[in-house]
Each structure stands twice: as structure tokens, then as C-alpha cells.
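Reader: I am new to reading protein models. Please take me through some features, one at a time.

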Amino acid sequence: MPGQPEPDGQAEAEPDALTIGRRIRHLRTSKGMTLDDLASAIDRAPSQVSTLENGKREPKFSQLQAIARALGVGVDDLLSAEALSERDALEIELERVQRGPLFASLGIEGVRIGKSLPHDALSTILALHRELERLHTERAATPEEARRANGELRYDMRTKDNYLPELEQVAKELLADVGHTSGPLPQRMAAEIAAHLGFTLHYVSDLPHSTRSVIDTRNRRLYLPSKGFRGRSNTRSALLQALASHVLDHTEPADYGEFLRQRVEANYLAAALMVPEKPGVKFLRDAKDERAIAIEDLRDAFGVSFETAAHRFTNLATRHLGIPVHFMKVHESGILHKAYENDGVRFPSDALGAVEGQHVCKQWTARRVFDVEDRFNPYAQYTDTTSGTYWCTSRVENTSDGAFSVSVGVPFADVKWFEGRETTVRTASRCPDESCCRRPPEELSAKWGDFAWPSARPHASMLAAMPSGAYPGVETTEVYRFLERHAPED
């Protein structure tokens, strides 16, 4: 690892052309030889020697032998990976820096490295570059970093029962400011929240394809698509999510973990505005008293999507109803897209404990619902798992990225409070045991095992790094050009 001594017996790092070249230059100048002197001694043109000293060409061994004889040193003295002085080490590092991809991405001219460059300036330039490189490294969301950040956020939300009282208070104050006291939040009232915050709404046909909305904070404009979204609540949801980020003073995220947290907070606040805590809790408590809790009823009562209703239920269920719960959003391919639990259910996970991107057991409700012909009524079933028996209700929602199932489940002991508990559908899941649903039947394996070579279609957001100065999945240049087109004339 960096900063640790090499194990005994391990060979030293091989010198590169730049290090060799700088050692040649140092030894030449220390002996008072000019470039022409060394070139004449080895029967080469001065330009060739200069190319070698600048590390732009790998020297042949015969050339090294000739140079070593001319300088009165051994070949090993030229091949050492260590710089001959602190100054040489700094110059070599700066040369590498200026040839590297990070420096090239800055679009600035490099400095001329020579005796005229002051030592303190050389040190300062390198210190600035090291800090810039550190920040870029921290901001790069590799797949491993993304999974770690997801795991940490999921653990944090579990400890809080997916309930954020500070955001509930923000929602309560915003609704009071616009005079909304009870019932569902209509589109008109969502627009009044925008006006209260000083924004005008603009519905456009050319919104950047990578965005749901764009805020122009300079001109206090909020842009939304003129054609709306699929689903009756999505335009209102996009409007409120955009405003939520503004209300919560979100800034460009410093790392992937902060990006995920901001997204959770914006979604939470938007849902808390569409399904306010006080009337939402009353509705659910009344349903619990009747032993008739249904996510569809919560959806219809507040005019939101099934996914928003499911999310909001997880916010309120444990804190106000005493019901532990789990939530899943699963793509039709079987990949787990979002998940939350505080009821002990064991989601599929990798060795790092990450669940996003994992395949859900084919026996679970979230997968079996895709095979149900009736897409208008809720589907529910019991599933016996390695961590207990759970009841789950699920719906399929179609999006531009394909079909997703949205599911809410509870342990067997709590199903008594829910509509749909009378279902007779029951499955058994032995996952992660591969014999449950992942191992192909023997006859198919025997026939195709040596002849199949599929190419996976990875989810782009799981593999993409988080670039500096941008949000994952958003083309910044496209957004800036959009704002330039729509900015009011001065």
C-alpha cells in the first residue's frame, strides 16, 4: 500500500524514461559537461540527447552503456529509480503531472521546467495539484463507493425508522404559509408554494432530456416539461422536488453520499407536502382501527402515485402506527432499484452489504407480480423466507425505463392490519441458496451450459463516476444552453 515499506525481497520499482533522463542530465551538469559535449562523446546529435534527458524517448541499453562511459559512472547509476536530489524529484513529479490526464483536463498551459523556475514556485504548484487530485479522488463515485454510500444511507434511515421530523416541520410550515390546512395538495396549491418562494413556473417543450426540471436561481424561474410526465402526480412531484432542494439549501454535492442524501431529502419533503403528516397519520390510524390499511387507498385519498404513497407509508408506519415495514422498487429484469427495511427482511446483497443492483428472488411478491394479468387490482401474497414469513402487496408501474414493481411488506404478525391479508397465495424462498431460483434446471444446463455467452446490460447509474461540477446523469452543458435560450432579455 502507498506509504508502506516494500516487503523484503520485493524488487524496487523500475525506472521510467523520465527518471533516467533526469539522472543523465543531473550527472552531466554535475561534471560540467554541456549538451554538446555529451552528444559528441556518444556520437549523437544534441537534439537526440535532449530528447533522452526530457524523458520523451526510452533509451536503448547500448545508448545507456555509451552515456555511462562518457559520464564515468556505471549503468546502474542511470537505472536507479530514485532521483539524485530533492530538486530533481520535484521536477520529475511536475513533469509527470503536466503529462497526466488531470492537468490536461484543466485546459491550461504547462510551465517550463528548468533552473529559472524558483524552488518555492515548483513546490507550490505541486501542492496545489496534489490537493486538486485529492478532491477529484474524493468526488469520484466508483461502483464500490456508490454501494458503500447506499449502504450507509440505508442503515441511517433504518435507525430513524425512515422518519425525519425536521423535514416534517419544514413541510408543515410551508403549507401553513400558503394557507393549506387539510386534505390533498392540489396542483394549484403547489404552484402557490412556488410563488411564495419567489419562483415563476415555465412549461417548455425543450427541457434537457437528462432532467425532470431546471431551476434558474438568477431569474427565479422553474422550468417543467409542457407535456408533463406519466402519472397524474408526477408534474406536481417534480415541481415540489425541485423546490425542496431550494428550500433545503442544497448545493452541488461534494461526494456521492451527499448526492444520495440530498435526493432522499428532496423526495421526502415533496412527499410530506403532498401527503401532510397530520391528515396522513389520521387517515392511516383510522384505517388501522378498521384493520383495512391499503396503500391504494392512501394513494387515492391524496391523489399521488402508488410509489409516493408507498414511500410515505414507510415514513409514517413505524413512528405513528408501530408497524415495522419494508419497501422495494424492482425493475422487470429482477434488479433491485430501491429498498428500505426495518422489519428484519433480508434483501439480497453483495459481499459489501449493498443491495442496489442485486437480483431479487423470483418467489418474492416483487417478482411474481409481473406475471399477474390483472394490473388494475393490488396483488398480495405471503412469502416464507429464511428470516421469517412476510406479507407483501405490490403494483406494477410503467416508466420510460421499463416496468417497475413497487412493493410494501410487513412481518406475518402485523398483516392483521391490512387489506389483502385474506390472500391464499403463498410461496417459499430459500435465497440466497442458489437452488431456490438462480440455478438453472439440470436439463437446460446440460444442453446450453457450454454454448451460452450472454452480454449483460448494466445500469448506467451504477457504473458511472460522479464528475466534478455536475450531478450524476445530468449533462451540464445541455442545461446551461437551455437556460441561455430561455433567460429573459435584460
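**Salt bridges, helix faces and rings**

Author: Start with a charged pair: Glu-192 and Arg-188 form a salt bridge, with the closest N and O atoms 3.1 Å apart. This is a predicted model, where local features need pLDDT of at least 70 and side-chain atom pairs count only at pLDDT 80 or more, while totals for chains, interfaces and linings use all residues. Residues are numbered from 1 along each chain as its sequence is written, and side-chain values use heavy atoms, with hydrogens and water left out.

Reader: What is a salt bridge?

Author: A side-chain nitrogen of Lys or Arg lies within 4 Å of a carboxyl oxygen of Asp or Glu. The structure holds 19 salt bridges.

Reader: Where do Glu-192 and Arg-188 sit relative to each other?

Author: First, the general idea. An α-helix has 3.6 residues a turn, so residues three or four places apart point the same way. Now the case. Glu-192 and Arg-188 are four residues apart in helix 11, so about one helical turn separates them. Helices are DSSP runs of H or I with at least four residues, strands are runs of E with at least two, and both are numbered from the N terminus.

Reader: Is Arg-188 buried or exposed?

Author: Learn the cut-offs: buried means under 20% relative accessible area, exposed over 50%, and partly exposed in between, using a 1.4 Å probe and protein chains only. Arg-188 has 52% relative accessibility, so Arg-188 counts as exposed. Glu-192 is partly exposed, at 32%.

Reader: Which residues of helix 11 are buried?

Author: Met-189, Ala-190, Ile-193 and Ala-194. They cover an arc of only 155° around the axis, so they lie on the same side of helix 11. The arc is taken from the directions that run from the helix axis to the C-beta atoms. On the face turned away from that buried side are the exposed residues Arg-188 and Ala-195. Just after helix 11, Gly-198 has a positive phi of about 90°.

Reader: Which residues are linked in a network of salt bridges?

Author: Arg-22, Arg-87, Glu-91, Glu-95 and Arg-99. Take Glu-95. The side chain of Glu-95 meets that of Arg-22 in a salt bridge of 3.5 Å, N to O. That pair links distant parts of the chain: Glu-95 is in helix 6 (residues 86-99), Arg-22 in helix 1 (residues 17-30), 73 residues apart. Both are buried. Glu-95 also meets Arg-99, at 3.1 Å, N to O. Arg-99 is partly exposed, with a relative accessible area of 42%.

Reader: How many aromatic pairs are there?

Author: Six. Rings of Phe, Tyr and Trp (its six-membered ring) pair if their centres lie within 6.5 Å; planes under 30 degrees apart are stacked, over 60 edge-to-face, and the rest tilted. Phe-313 and Phe-418 form an edge-to-face pair, 5.9 Å centre to centre with 80° between the planes. Phe-313 is in helix 16 and Phe-418 in the loop between strand 8 and strand 9, 105 residues apart. Phe-313 is buried, at 0% relative accessibility, and Phe-418 is buried, at 3%. Ring pairs join Phe-313, Trp-391 and Phe-418 into a cluster.

Reader: Which ring does the charged end of Arg-220 sit over?

Author: The ring of Phe-199, 4.3 Å from its centre. The rule asks for NZ of Lys or CZ of Arg within 6 Å of the ring centre and within 35 degrees of the ring normal. Lys-288 sits likewise over the ring of Trp-417, its charged end 4.7 Å from the centre.
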